[in-house]
Amino acid sequence: MKPAPFAYVRPATLADAIGELAATAGDGKVLAGGQSLVPVLAMRLGRPGTLVDINGVAGLDTIERRGPVLRVGATARQRSLERSPKAAAVPLVGRALPFVGHRELRSRGTVCGSLAHADPGAELPAVASCLGAALEVRGPSGTRTVPAADFFQGAMTTAIGPDEILTAVEFPVAGPGEGFGFAELARRHGDFALAGVVTRVRSADGAVAEAVISGFGVSDRAVTRDVTDLLRSVAGRDDLEAALRPGTEELAHDVVNTSGDQHGSQGYRRRLFAVLAARELAGAYRRSTEGRS
Amino acid sequence: MPDQSTVADAPVVPEEAAPTAAATPSEHTGGTDAPRWTPSRVEDAPLVTGEGRFLDDMDPLPGTLTAAIVRSPHPHARIRSVDLSRARRHPGVAAVIGPEEVLAALRPFPLSVSTQMPYFPTGTDKVRYVGEPVAVVVATDRYVAEDAAELVAVDYELFDPVVGIRTALAEDAPLLHEGQGSNVATDRTFTFGEVDQAFAEATHVVSGEYDFPRYSGAPMECYSVIANWTEDSAGPAIEAWANFHGPFTMVPVMASALGIPTSRVRLHVPADIGGSFGIKAGIYPYVVLLALASKHARTAVRWSEDRAEHLVASSSGADRMMRFEAAVDADGVITALRTDLVDNVGAYMRPPEPSTLYRCYGNITGAYRIPAVQIRARAVVTNTMPTGLIRGFGGQQLYFGLERLMDDISARTGLDVVDLRCRNLVPPDAFPYETPTGGVYDSGNYEKAVRLAVENADLAELRQRQAEARARGELYGIGIAVVVDPSGTNIGYVGLATPPEARKAGRDKSGSTEHVRVSVDVQGVVTVMLGSVPQGQGHATIARQIAAARLGLPEESVRAVIDMDTATTPWTVTTGSYSSRFAPLVTSAVIEGCDRIARTIRAAGGVLLGADPDELELAEGRVRVKSDPSRSAEFRHAAGVVHWDPGSLPEGTSARLYEEAAFTPAARAATRDERINSSLCYGLVVELVAVRIDPDTLEIGIDRVSSVHDAGTVLNQTLLDGQVYGALTQALGGAMYEEFTYTEGGQPTAATFLDYLCPTTAEAGFPLITDHVVSPSPLTPLGAKGSGEGSSMSFPVAIANAVTDALSPYGLKIDKLPVHGNVLHELLDGVRRPA
């Protein structure tokens, strides 16, 4: 379990990092927290010619509020965001991060690294999708901003070009009347989810204005659906969660698209998705009406 | 924008709390008659400060090179050719060996039974499981070795693999070992008592088929070996370091494969081993392989197994397919038992297999007085990782069948699961109780243990919870398991795999000897030297505690040293840390060694006090006159007399404060009528488990566990508790999380810790009440029995019984493990709950 030989560079500026990456002509890989990349190297499942370590680039680890968004830089650790008071503006981040691996992994692993890795079972891509986050990508030809809906293109596949670096993600902060939900079920705490859901509901005077759900661990990427009509159709019910179940069961057939494995068949993942979707849509709606997000 | 207060409720789960498991902390209540004096472990300070010396920390021979192993990517293939030339030319490579070098230098390992299934440390003619070694590359470091390993070219002719037991037994199954003509490696049938008659006369005949899965102990430290091949005028010799913990029967096995005398194999075991749970007994083929690599590299070679290698190619418990059948009379009393056991030992019959079949031979009737038994014991080979020792060895497999059967009998007879068991328990006045298979249960009070477990569980309250849950349409179940916990293996059981007529006269095997050395230095400090090769159990702590108590010294005056070097440490074939041998055997040898030291100290004390040594006792750091304790001398002064002034000792007293002592129980080899007392001591475990199943997600939550143990005299409550918690957690893994799974094509699908799921603290935090009854063994000086394995045998089936009870409204049963949400979904999907 030792990596194949590779070249290692640790540039000090973003421009140099982009230059180094471009110089590898597609044979380079960006190293940030390394929590997914290093095991891949050790097991020789991947063998990039050059690792471009961006941890020496100053200013990439920032977490800052910029008006309506929370901007998280490429080397900001998951644990830093989890502990940052600024994260309170994006409640879903606080709900999801405790489920990302274990604390030790989050101390090293980065938010942007998880997004760039795009594991179909990972939490953060689903959060980004549900919130409509914007991903900032830089390469030799400049900077472009990719909406989450276009960023995730399949299992471990994103819109990042071979000569580009994901430099930041911008999560929209919670607005008035917004409520959120997050839940996942895994074989053990810290495992990739068998099924997980992220929900966002906006309501005004009890009326559902918008409802969005993203499922993860259920397909080749986070799957996002507008469920405004579904939630509206039952929003007044006392037994909201139960009332949502027929709808979320139907939704599960649409959203859950995986061959399954020994931990969870497609059928079991559908069951879990339907349960969690109803629970977290109901919860998000309740919080949206209570002004608690 | 929300203000701070509106988002304060996120995150929704507390830091690191299990989102799904019960977060209640474990409760512990000790037994009323269990001693609560609990010294801390002497092992802990070095371990928690990083001063442990594990094999990878050691560099005993300068110039040692590093090996990487080339392994088969295929489950079943013929090796057409192996090209090592490119790897040999790679810069930094000292040697590369493959099947040709193995065949030229090694003999097949001697097997426990005579089968035509030759076993070498690499594949030679064929490869038979994914991960089987094919070649070894020795280089300057592991990186270079792995680079060169990629240059080894093997041409394979692929064959259909055999994965499961049922496939292996099929008429037209592909053969792993053509010379054997069958995938069945051993097949024996034993009958005791009037089995057929009992079945003919039975009121009920109840049978069931049960499958036990394959899982590991997943030690934190993987295998590690340093081997050095040398030649002198007496011929070849090897010196090796390995985190091997026995049984030391494997030392002559290694020597035989190398074709050298056992005395030319010098094996060192580091004092610190990072866990094993039996798994590291499977390291010995690598010692031989690395010795051969050292011969070709002309220098010492080290190899440290990585986790990827460990999870596909080290060792695991055997999976078992079994059928149990009971003849039951009108009162619910079992009059006869038939069992048909088929173990999957993996690709080879690697010794000590097929011992999984026989380790529990003497206690195959469990805690019950069943007078007649028939056993069919088979082992098959499949294209999977070879199996071997694991905590509970053979017990979890046996009791999964026997204790599931008990619940099936209960369902048939309408008797409550506890009542049915109580009707069949070996009664308190029957000890020592001889089982039909030759086991002799040394002591026990099974009824008392069951009563205590039921009481601690508050079974009546659990039944109330269950009734309420069921009324709400929820799934709630209660399971019980009662198991006899054998310790101190009599290796003679291995003989049963060979028919009596084929066993050679004068070649019987029996017994279970353990050695220790005890010495006293000039300052009166006592050293207890153990060759017991622990892997974290705390042997030094217990040995020190026992020696201090026996010699009347404060513990500070005793040190325990762990050292195994086969050239200098006393050992025999049964030496090792397995089958919970330490408490019954090693401690008994410590007592014997201390008693000999005490005789010499009393003789010296007699000189100092002018008293008859027989009138003296050792207490409070002194040797003193029993009838007048004021007449005393310090222990260290008495020791000083032996060292400095031996001439003053009474005639006939040897000036000897260095004793080697052994404890050998009165064990016997298997008899011609196939009976054997397969262990020295037999303890008991009773477990009650309550589970709650989420009706939506089908996740299984453990609501309460009551676990009662009888390990004889409790030597150290803290360490015993640790063994109970550890065994429960390991069993939880096998019951609900861990399994070595394979595709139908023979590829392992639990090859990393992403898929091989060991329970963590988040999963193991269930409400637990432990307790003890104490039935001292009459066979050991301290009355102690082994206790390292008990719950690993009982807890898997207790969980299966609880989940089966929970599913009883659906009429569904859990006859295989592991069980978890996905399994329940597949069982329940589309099944309607009967009205």
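Mentor: One term to begin with: two residues are in contact if their C-beta atoms, placed from the backbone, lie within 7 Å. This is a predicted model, where local features need pLDDT of at least 70, side-chain atom pairs count only at pLDDT 80 or more, and totals for chains, interfaces and linings use all residues. Residues are numbered from 1 along each chain as its sequence is written, while chains are lettered from A and ligands numbered from 1 in the order in which they are written.

Trainee: How many residues of domain 1 of chain B are in contact with domain 3 of chain B?
Mentor: 16 residues of domain 1 of chain B, against 17 residues of domain 3 of chain B.

Trainee: Which element gives the most to that side of domain 1 of chain B?
Mentor: β11(B), with five residues. Strands here are DSSP E runs of at least two residues, helices H or I runs of at least four, numbered from the N terminus.

Trainee: New topic. Which residues have the most contacts inside the largest nonpolar core?
Mentor: Val137(B), Val138(B) and Val287(B), in a core of 261 residues. Such a core is a set of buried Ala, Val, Leu, Ile, Met, Phe, Trp, Tyr and Cys residues joined through C-beta atoms within 7 Å. Buried means 20 or more other C-beta atoms within 10 Å of the residue's own, placed from the backbone.

Trainee: And which helix gives the most to this core?
Mentor: α16 of chain B, residues 582–609, with 14 residues.

Trainee: What does Val137(B) touch?
Mentor: Leaving out residues up to four places away in sequence, its partners include Ala67(B), Val70(B) and Ala149(B).

Trainee: What about the second core?
Mentor: That one is separate, has 94 residues and includes Leu81(A) and Val256(A).

Technical notes:
A residue is buried if 20 or more other C-beta atoms lie within 10 Å of its own, exposed if 12 or fewer, and partly exposed in between; C-beta atoms are placed from the backbone.
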